[in-house]
Amino acid sequence: MTAANNSSPSDSADASLSASAVAVSPSTASAAASPATADSPTLSDTPSDLDFARSTALVIGAGASGRAAAELLVFLGARVRLYDQNPGATVPEGVEPVLGAADVPAGAFAGVDLMVLSPGVPPERFRAAQQQFAPQARVHGEMSLSLAIASARFGRLPTVLITGTNGKSTVTALTGALLAAGGLKPFVGGNLGVPLAAALLDLLRTGAPAPDALVLECSSFQLETLGHAATDVAMVLNITPDHLDRYPTLDDYAATKARVFTGLHTGGLALLDAGDGWTAFLRARVGAGRLVLVDDPDGARIVGPGPGDSLDLPGGDSFPRAALPIPGRHNSKNALFALLAARHLGVDPAACLRGLEGFHGLPHRMTFVRERAGVRFYDDSKATNVASVLASLDGFDRPFVLIAGGRAKGDDLTPLRELLRRSGRALVAIGESADSFYPLADGVVPARRASTMAEAVEVAAALAGPGDAVVLSPACASYDWFKNYGERGDTFARLVRALPAEK
Ligand code: ADP
């Protein structure tokens, strides 16, 4: 099993919000107003407890993860219903559809002893309905269910869980690349690429051997239902405001992220960024395992900037920074997280070095598109919050016209004003939140509004001069205009390539 392309609708917390299944009735919704956090009731994931052949399961949400979970359960012999409010949702063969109703009909809970939540659905609402209509049922998320099944079928597999506000996909992919360079065959996915349930189904159907390790990107939504899956390495890369449309406070969001440590065993490794404002909060929630800090004099260190920059691990392993092809200090940190995980799983330093050298990053993260009339165009569509825009552009090597806006997530936008003041050339505000972005440029740089991506590209290209860049780095989700950030970035790149050679 390998990582799949990263532009499927299920591949990020950003994308997972687009799942079409939504709430049950307002009365049940208000009965459980706050999302699950670290204090949520523990979910059952004891492998011996899993007797799927006899269970009746209700899967909520017919996105990629929900469909995969439903198919996996059918394969194991369960009777499965799949609910989605979208009447046109695709339902796999052998699964009973429960489609179209705004609320899950009470009858769909008849005899249910297992409820499975997709990452994109708000769990508190469906749990309220489950408590009312099927209180005896176990509740899983697609990832926790799959981890439990994997462990029941294959025994304990070395497991790395990766979460954080930004950098998850990069660290997940890089960790997978380092393990592969060490000769292992890991499964790399989860929130990124292929859901674990789909990969497991494939394995069970084909009788292929179990992967050597699981490297799983976890969104906060997946962590809400994680349970106690045995974990060898668990990490929170950083916490900055995000998904405040889903969590009442940043504390709730951070506590959900800290659930990544729930199953860490005593010999396991917990990783945190020393410089992150939430590290003390998270540290108190590590529990078992050894904590190593990243970007810390006593932990894993970034040596430099300067000639001979290196990435140094505690214990003496050192890797030249120049070995890693992706730029930026944030990527130095990402590499340290991945290196620590790979070393913990036994990959030797020479293989780690080869893995670093071969890693050229994922698409839509400051991806160079084209140079035209001295202007360089970059697709940073994956920057879906303010912190990721800052990571990409603070310290960027040339003045830039920033194309930003989309579906707002509740971030404080003022740091972007400072960014524009320091190194911006102009701002092009797009999407639903254009009116919130436009005033950021007031008195700082020229600003325009654009009502389509085509107009945004045209206007940005006109505002940029030789030596400048045009960067799509929206600080917002993409669902106002696009299916996901991948489609947004691809559209931008296509339009940029179509610009005439001369201005
Ligand atoms: P995620 O999967 O968490 O969304 P990605 O690896 O896809 O993260 O990176 C998304 C964007 O986040 C990147 O384009 C970059 O701007 C920013 N980013 C990546 N790593 C970090 C980091 N360690 N700290 C802060 N920002 C980061």
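This is a predicted model: local features need pLDDT of at least 70, side-chain atom pairs count only at pLDDT 80 or more; totals for chains, interfaces and linings use all residues.

Me: How many helices and strands does the protein chain have?

Reply: The protein chain has 17 helices and 20 strands.

Me: And what share of the residues is buried?

Reply: Of the 503 residues in the protein chain, 56% are buried. Among contacts with a separation of 6 or more, 73% are between residues 24 or more positions apart.

Me: Switching to the backbone. Which peptide bond is cis?

Reply: The bond from Gly-304 to Pro-305 is cis, and its omega is near 10 degrees. Most peptide bonds are trans.

Me: Where does Pro-305 lie?

Reply: Pro-305 is in the loop that runs between strand E12 (301-303) and strand E13 (310-312).

Me: What about phi at Asp-295?

Reply: Asp-295 has a positive phi, about 65 degrees, and is not a glycine. Most residues other than glycine have a negative phi. Asp-295 is in the loop between strand E11 (290-294) and E12.

Me: Why does Asp-295 count as partly exposed?

Reply: Because Asp-295 has 18 C-beta neighbours inside 10 Å, and buried would take 20 or more.

Me: Is His-364 buried or exposed?

Reply: His-364 is buried, because 25 other C-beta atoms lie within 10 Å.

Technical notes
Residues are numbered from 1 along each chain as its sequence is written. Helices (H or I, at least four residues) and strands (E, at least two) are DSSP runs, numbered from the N terminus. A residue is buried if 20 or more other C-beta atoms lie within 10 Å of its own, exposed if 12 or fewer, and partly exposed in between; C-beta atoms are placed from the backbone. Two residues are in contact if their C-beta atoms, placed from the backbone, lie within 7 Å.
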